[in-house]
Amino acid sequence: MRTIRRKSMLYKTGVEYGDYTMNHVQGCSHGCTYPCYAYLMAKRFGRVTTYEEWCCPLLVENTLDLLECEIPRLRHKIKSVQLCFTTDPFMYGYDEVCKMSIEAIRMLNANEIPCTVLTKGLLPERLTELSDKNSYGITLVSLDEGYRRIAEPGAAPCAERLRSLEELHAAGCSTWVSMEPYPTPNVHEQRLSELLEAVAFVDRIVFGRANYNRAVSSYPDAKAWYNNRVFEVTKFCEEHGIGLHVKKGTWTEGVASVA
Ligand code: SF4
């Protein structure tokens, strides 16, 4: 795997449910076609020129050195660190990335900093050895492998992803699911209830609409349709004692819902 060096690693994120974050890889082999916001930004700011280049990840080789310098300076300000917002910490098929992610989490935990993980790869069993204050999540917007191959071509198969999360839950870890970007029926027809039942064991769900996608914005009554999905996920979470965060822009005030 090719590498790059960076000058800094930990930074405060503007993402609504995040505190600090780290992104120790440039690019992502999962190559999501929703599209991926991180790819759009990397292209806009000239860090990559093509989709193919984005899908060939570069590991930041001095990640652990940077953490060693930055943690003492920032540890009193940081409530938690999310891995990652602009890449994937357990990139499917990239052992070097997974290994470095575990080392980084271990280093942060040793300084009393809990981590929140989000992946479309597989969560390794070794995570059960780390701090019980960590929270481990997968993105899961569908159970359909056909849709996964189109929308998340390089990511882990949905069933394997889910199994790795269930294993961590069974071992007593805190787990969560990001259902974002949830597709409208003209992008992919499915029942939200089936997806919710499959993840009913998690502690928290983050639900969000799809953005930057012409098909979604052209879906008739998209706002009302998303309002209905928010009703559905809220009811499910209340009934199952699951924490819920609905991403900004998913619920639209004053719009009548439709089935
Ligand atoms: S997994 Fe995340 S960072 Fe990687 S391509 Fe998909 S959306 Fe982008």
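This is a predicted model: local features need pLDDT of at least 70, side-chain atom pairs count only at pLDDT 80 or more; totals for chains, interfaces and linings use all residues.
The expected span of a helix is 1.5 Å times one less than its number of residues. The buried residues of H3 are Thr 63, Leu 66, Leu 67, Glu 70, Ile 71 and Leu 74. They cover an arc of only 125° around the axis, so they sit on the same side of H3. The face turned away from that buried side carries the exposed residues Glu 68, Cys 69 and Arg 73. As for what the buried residues of H3 pack against, the partners are strand E2 (10-12), strand E3 (20-22), strand E5 and helix H4.

Helix H6 (residues 158-170) gets through the span check as well: at 1.5 Å a residue, its 13 residues should span 18 Å, and the end C-alpha atoms are 18 Å apart, which agrees. Buried in H6 are Cys 158, Arg 161, Leu 162, Ser 164, Leu 165 and Leu 168. Their arc around the axis is only 160°, which puts them on the same side of H6. These buried residues pack against quite a list of elements: strands E7 (115-119), E8 (135-139) and E9 (174-182), plus helices H5 (145-151) and H7 (192-198). Just after H6 comes Gly 172, with a positive phi of about 95°.

Next, the nonpolar cores. The largest one has 54 residues, and those with the most contacts inside it are Leu 10, Met 22, Val 81, Leu 123, Leu 127, Met 179 and Ile 205. Leaving aside residues up to four places away in sequence, Val 81 touches Leu 10, Tyr 20, Thr 21, Met 22, Leu 108, Ile 113, Pro 114, Cys 115 and Thr 116. There is also a second, separate core of 18 residues, with Cys 36, Val 48, Leu 59 and Val 141 among them.

On the sheet side, three strands form an open sheet in the order E1-E5-E4, with mixed pairing. Strand E1 (3-4) and strand E4 (25-26) stand at the edges with a single partner strand each, so one side of each has no neighbour in the sheet. E4 is joined to strand E5 (residues 58-60) by two bridges, and the two strands run antiparallel. In that pairing, Gln 26 stands opposite Leu 58 in E5.

A cis peptide bond links Leu 83 to Cys 84, with omega about -5°; Cys 84 belongs to the loop between strand E6 (81-83) and helix H4 (95-110). Another cis peptide bond links Glu 180 to Pro 181, where omega is about 5°, and Pro 181 is in strand E9.

For Glu 112, phi is near 65°. Glu 112 is in the loop between H4 and E7, and with a relative accessible area of 65% it counts as exposed, since exposed means over 50%. Asp 221 is not a glycine either, yet has a positive phi of about 60°; its place is the loop between helix H8 (214-217) and helix H9 (222-240).

How values were computed: Residues are numbered from 1 along each chain as its sequence is written. Side-chain values use heavy atoms; hydrogens and water are left out. Helices (H or I, at least four residues) and strands (E, at least two) are DSSP runs, numbered from the N terminus. Buried means under 20% relative accessible area, exposed over 50%, partly exposed in between (1.4 Å probe, protein chains only). The arc is that of the directions from the helix axis to the C-beta atoms. Contact means heavy atoms within 4.5 Å. Two strands pair if DSSP finds at least two bridges between them. A nonpolar core is a set of buried Ala, Val, Leu, Ile, Met, Phe, Trp, Tyr and Cys residues joined through side-chain atoms within 4.5 Å.
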